[in-house]
Amino acid sequence: MIRSIRFSLFVLTLGLAACTTSAPVRHYTLLPAQEDVRPQRAQANLVVEVLPVAVPEYLNQPQLVVRQDDSGMLAVLDDERWLGPLDDEIRNALSARLLDHLGIQDVAGLSWLGDVQVIRVKLQIRRLDAWPGKRAQLEAAWTLGDARDPAGARLVCQGRFEQPAAAGYPALVQAQQRLIAALADQVGQDATTWSASRQSTCGLSPVP
């Protein structure tokens, strides 16, 4: 009888442990999978220095933060996490896109060679909103300046980007990857035109 009771308690303990086992934590990166694209030739006499990216504190945490509806209610997803700090994820994805698709090298932390133009990029993420199964939205501002002339002219730009998102968190992160790619393309275009003429303007209309 005692053995039977002990065995029943043992089985119950195992059952409770199985029920309380937490789901595995999944990690994501904003660096997309390597695409089969033709390598871009580095742009002559133009490189960028991408500074650390400014991200709102409520977003810059290990967990993915998503919007549950349009009321302002947010959900912090403990089981869905970034592989690295979000500000680093954004900066690395931006830098990779500039090189792979526009041929613009990021020389942050490296020596500047010759008389190459070094355009300093300062990026501020204002919003990175995500509605699972619906869409993802990015609002950002960026400042371009001559790294060799810190007190010189500046070009200040801003823009809003949006991408549809299919169901599931992997699809949501892919939508955010596309947002960063669109942002990088715009930053690269602005850096290219501004390096050619300090009279150039931003390629996007200001965010209202």
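What span should the 17 residues of helix H2 have, and how far apart are its end C-alpha atoms? At 1.5 Å a residue, helix H2 (residues 86-102) should span 24 Å, and its end C-alpha atoms are 23 Å apart, which agrees; the expected span of a helix is taken as 1.5 Å times one less than its number of residues. The model is a predicted one, in which local features need pLDDT of at least 70 and side-chain atom pairs count only at pLDDT 80 or more, while totals for chains, interfaces and linings use all residues. Residues are numbered from 1 along each chain as its sequence is written, and side-chain values use heavy atoms, with hydrogens and water left out.

The secondary structure of the protein chain comes to three helices and eight strands, where helices (H or I, at least four residues) and strands (E, at least two) are DSSP runs numbered from the N terminus. Read along the sequence, these elements follow the pattern α-β-β-β-β-α-β-β-β-β-α. Of the 208 residues in the protein chain, 38% are buried, a term that denotes under 20% relative accessible area, with exposed meaning over 50% and partly exposed lying in between (1.4 Å probe, protein chains only). Among the contacts in the protein chain with a separation of 6 or more, 68% are accounted for by residues 24 or more positions apart; contact here means heavy atoms within 4.5 Å.

In H2, the buried residues are Leu86, Glu89, Ile90, Arg91, Ala93, Leu94, Ser95, Arg97 and Leu98. An α-helix has 3.6 residues a turn, so residues three or four places apart point the same way. The cover over the buried residues of H2 includes strand E1 (26-28), strand E2 (46-50), strand E4 (74-82), strand E5 (105-106), strand E6 (117-131) and helix H3 (169-196). Just after H2, Gly103 takes a positive phi of about 70 degrees.

Five strands form an open sheet in the order E5-E2-E6-E7-E8, with mixed pairing, two strands being paired if DSSP finds at least two bridges between them. The edge strands are E5 and strand E8 (154-164), each of which pairs on one side only. Within this sheet, E6 and strand E7 (residues 135-146) run antiparallel and are joined by 12 bridges; Leu128 has Leu138 as its bridge partner in E7, and Ile119 has Asp146. E6 and E7 form a hairpin with three residues between them, and Gly133 in the turn has a positive phi of about 75 degrees. E7 also pairs with E8 in the antiparallel sense, over 11 bridges, with Ala141 standing opposite Gln158 in E8. Strand E7 is mostly covered, as nine of its 12 residues are buried. Helix H3 lies across E2, E6, E7 and E8 and runs at about 25 degrees to E7, the axes being lines fitted to C-alpha atoms, for helices over the stretch in contact, with angles running from 0 to 180 degrees between N-to-C directions.

Pairing is also found among E1, E3 and E4. Three bridges join E1 to E4, which run parallel, and the bridge partner of Arg26 in E4 is Glu80. Strand E3 (residues 63-67) pairs with E4 in the antiparallel sense over five bridges, and Gln63 stands opposite Arg81 in E4. E3 and E4 form a hairpin with six residues between them, in whose turn Gly72 has a positive phi of about 100 degrees.

Two loop valines were examined in turn. Val25 lies in the loop between helix H1 (2-20) and E1 and is partly exposed, with a relative accessible area of 40%. Val25 and Glu80 are 55 residues apart in sequence and 6.0 Å apart in space, C-alpha to C-alpha; leaving aside neighbours within four places in sequence, Val25 is in contact with Asp78, Asp79 and Arg81. Val116, found in the loop between E5 and E6, is buried, with a relative accessible area of 14%. The C-alpha atoms of Val116 and Leu46, 70 residues apart along the chain, are separated by 5.8 Å, and, with neighbours within four places in sequence left aside, Val116 is in contact with Asn45, Leu46, Val47 and Arg148.
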